[in-house]
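Visitor: I would like to learn how to read a model feature by feature. Please give me the general idea each time, then the case at hand.

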Amino acid sequence: MNTMLRKTVLGVAGLAFAGGVVGGPVGTALESPAHAAAPVAVVQAEKPDAGKLMPNGVPGSQSRIPLDGEQTANVKAIIEATKKAGMDERAAVVAIATSLQESKLENLGHLGDRNDHDSQGLFQQRPSSGWGTVEQITDPEYSTTAFLKGLKQVDGWKDMPLTEAAQTVQVSAYPDHYAQWEKQAADLVAEHWNS
């Protein structure tokens with residue numbers, strides 16, 4: 001009888017222990033009150049005003065190219081450098097349109113025989129013309145800042161057609177080619193200025 005009582009007590013204790021291990025944490029988790037996640041307010045940044053991006057409207061026929069990851073990263077680098085320079089969205093439009101014309105937003109190194117003299121980087125700036133060293137002008141932030149420094153020196157650049165402002169800085173052999181990229185540049189600034 002003593003043996004049977006001991007087996008019964010040990011059996012009940014074993015069940016209680018097993019139930020506690022298996023059911024304990026689950027039971028506790030189920031019993032603890034669920035904490036509701038605090039609502040998160042999602043604020044979508046407003047896109048820059050199209051009138052500010054293109055104050056003179058869309059000039060003539062426009063060109064557009066698809067961008068890969070590197071080109072998009074260069075767009076963002078131009079925008080960040082524009083902000084650091086304390087300039088507005090219109091300056092970014094002028095810079096991006098210029099880079100679209102000069103390099104298709106690719107940070108070009110020396111192109112050998114296809115190179116325009118010693119032009120390199122996003123803006124095809126030339127070390128021999130005083131834009132900086134090769135290392136500097138192939139750095140997107142530096143080259144953008146150098147372009148914007150030139151743009152700041154153009155009286156009334158905000159009010160003039162983009163192609164005039166860009167040409168005054170770049171002194172290109174093809175002064176009218178910048179205008180064709182204004183709409184894509186404005187769209188890129190609208191998309192990435194607040195991102």
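Visitor: What percentage of the 195 residues in the protein is buried?

Guide: Start with the cut-offs. Buried means under 20% relative accessible area, exposed over 50%, and partly exposed in between, with a 1.4 Å probe and protein chains only. Here, buried residues make up 36% of the 195. This is a predicted model, where local features need pLDDT of at least 70, side-chain atom pairs count only at pLDDT 80 or more, and totals for chains, interfaces and linings use all residues. Residues are numbered from 1 along each chain as its sequence is written, and side-chain values use heavy atoms, leaving out hydrogens and water.

Visitor: How many helices and strands does the protein have?

Guide: Both are DSSP runs numbered from the N terminus: helices are H or I with at least four residues, strands are E with at least two. The protein has eight helices and zero strands.

Visitor: Which residues touch the most other members of the largest nonpolar core?

Guide: General idea: in soluble globular proteins, nonpolar side chains tend to be buried together. A nonpolar core is a set of buried Ala, Val, Leu, Ile, Met, Phe, Trp, Tyr and Cys residues joined through side-chain atoms within 4.5 Å. The largest one here has 38 residues, and Val-94, Ile-96, Phe-147, Leu-151 and Trp-157 touch the most other members. Helices H3 (69–84), H4 (89–103), H6 (140–152), H7 (162–170) and H8 each give two or more residues to this core. H4 gives the most, with eight residues.

Visitor: What does Trp-157 touch?

Guide: Contact means heavy atoms within 4.5 Å. Leaving aside residues up to four places away in sequence, the contacts of Trp-157 include Met-87, Arg-90, Val-94, Leu-151 and Ala-165.

Visitor: How many aromatic pairs does a search of the whole structure find?

Guide: A pair of aromatic rings is described by the distance of the centres and the angle of the planes. Rings of Phe, Tyr and Trp (its six-membered ring) pair if their centres lie within 6.5 Å; planes under 30 degrees apart count as stacked, over 60 as edge-to-face, the rest as tilted. The search finds one pair. Phe-123 and Phe-147 are stacked, at 5.0 Å centre to centre and 10° between the planes. Phe-123 lies in the loop between H4 and helix H5 (134–137) and Phe-147 in H6, so the pair ties together parts 24 residues apart in sequence. Phe-123 is buried at 0% relative accessible area, and Phe-147 is also buried at 0%.

Visitor: How many salt bridges does a search of the whole structure find?

Guide: A salt bridge is a side-chain nitrogen of Lys or Arg within 4 Å of a carboxyl oxygen of Asp or Glu. The search finds seven. One of them joins Arg-64 and Asp-187 at 2.4 Å, N to O. Arg-64 is in the loop between helix H2 (50–53) and H3, Asp-187 is in H8, and they are 123 residues apart. Lys-183 also bridges to Asp-187, at 2.7 Å between the closest N and O atoms. Lys-183 and Asp-187 are four residues apart in H8, so about one helical turn separates them.

Visitor: Are Glu-182 and Arg-90 buried or exposed?

Guide: Both are buried. Their side chains meet in a salt bridge at 2.8 Å, N to O. Glu-182 lies in H8 and Arg-90 in H4, so the pair ties together parts 92 residues apart in sequence.
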